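Please read the points below with the structure open beside them.

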Amino acid sequence: GSDALGTRIYGTFLAYGDETPGVAFWISPDAVFGLTDGALTVAGCPGEAHRDEIRFFVESIGPQTIVCAPETAGLLGFQIVRQGPALVRENPGETVPCGGVARAEELGLRKLCGFLCDCETETFQVPEAGMFYIDVSHRVRHGAADGVLFEHEGIVLACALAGAVTETDALISAVAVLPQVRRRGLGRLAVDELCERLRGRRCHALRAEDENAEFYAALGFEE
């Protein structure tokens, strides 16, 4: 996974393998496909020669949602509902293992997942709370995700989650700050601390169009 979407697919493979119900992977000459609970991710861009074949393949799967590059959507005739740039931050350092059982227990995943559900917006959506917790917990326990959580006197103030982590890359899938304490640098602090845990891996993010451009630029992310 050398880009955001490839990392998303490979991180899911590392967490679940290829024999888990509801999870499947396919490889074509020009693209890789990952299906998780009805959401299809496409990394790469199928060539013109395979366009009709890939389109029929995707229709036969019948995904509820598709995440792919704009050029892939255009080639295959997908309707674009939301879009935005893929960002990357070089993150040098000695790579250390992420996640694990002990990390899952110390992180406070129920609080983290509940907080992200409470912060849901039109452009930042998460699955149903119970299923979201089960998925994130599984990924962290298998070393394929990690996160940070800031709280004060039992109140969650901010968090950041890398929902897909591989040996070389990580995808930061969520950042949230309690509305009452926004614009105090807690979001940047959460991402910086998460990137420190992910050192040695390129850190990717998918940003909604016209949202949080200055936030990610200040953290060293580039398009």
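1. C45 is partly exposed, and its relative accessible area is 33%. The model is a predicted one, and the values here are computed from it.

2. How many disulfides are there? The count is zero. C45 takes part in none: the nearest cysteine sulfur belongs to C68 and lies 8.5 Å away. A disulfide needs two cysteine sulfur atoms within 2.5 Å.

3. C117 is also worth checking. Its sulfur has its closest cysteine sulfur in C113, at 6.8 Å, which is too far for a bond. Is C117 buried or exposed? C117 counts as buried, because its relative accessibility is 19% and the limit for buried is under 20%.

4. Next, the helix pair. Helix α5 covers residues 109–118 and helix α6 covers residues 129–141. Their axes come within 9 Å and cross at roughly 135 degrees. The two helices are therefore oblique to each other, since angles over 145 degrees would count as roughly antiparallel and 65 to 115 as roughly perpendicular. The crossing of α5 and α6 is right-handed.

5. Which residues make the contact between α5 and α6? On the α5 side they are L109, R110, C113, L116 and C117. On the α6 side they are A129, F132, Y133, V136, S137 and V140. By type, the residues of this contact divide into nine nonpolar, one polar and one charged.

6. The two topics meet in α5. C113 and C117, whose sulfurs are 6.8 Å apart, are both among the α5 residues that meet α6.

Definitions and conventions: Residues numbered from 1 in each chain as written. Predicted model: local features only at pLDDT ≥ 70, side-chain atom pairs only at ≥ 80, totals over all residues. Heavy atoms only, no water. Buried < 20%, exposed > 50% of the residue type's maximum accessible area, 1.4 Å probe, protein only. Axes fitted to C-alpha atoms, helices over the stretch in contact; angles between N-to-C directions. Helix = DSSP H or I, 4+ residues; strand = E, 2+ residues; numbered from the N terminus. Parallel < 35°, antiparallel > 145°, perpendicular 65-115°, else oblique. Left-handed = near helix turned anticlockwise from the far one by under 90°. Contact = heavy atoms within 4.5 Å. Nonpolar A, V, L, I, M, F, W, Y, C, P; charged D, E, K, R; others polar.
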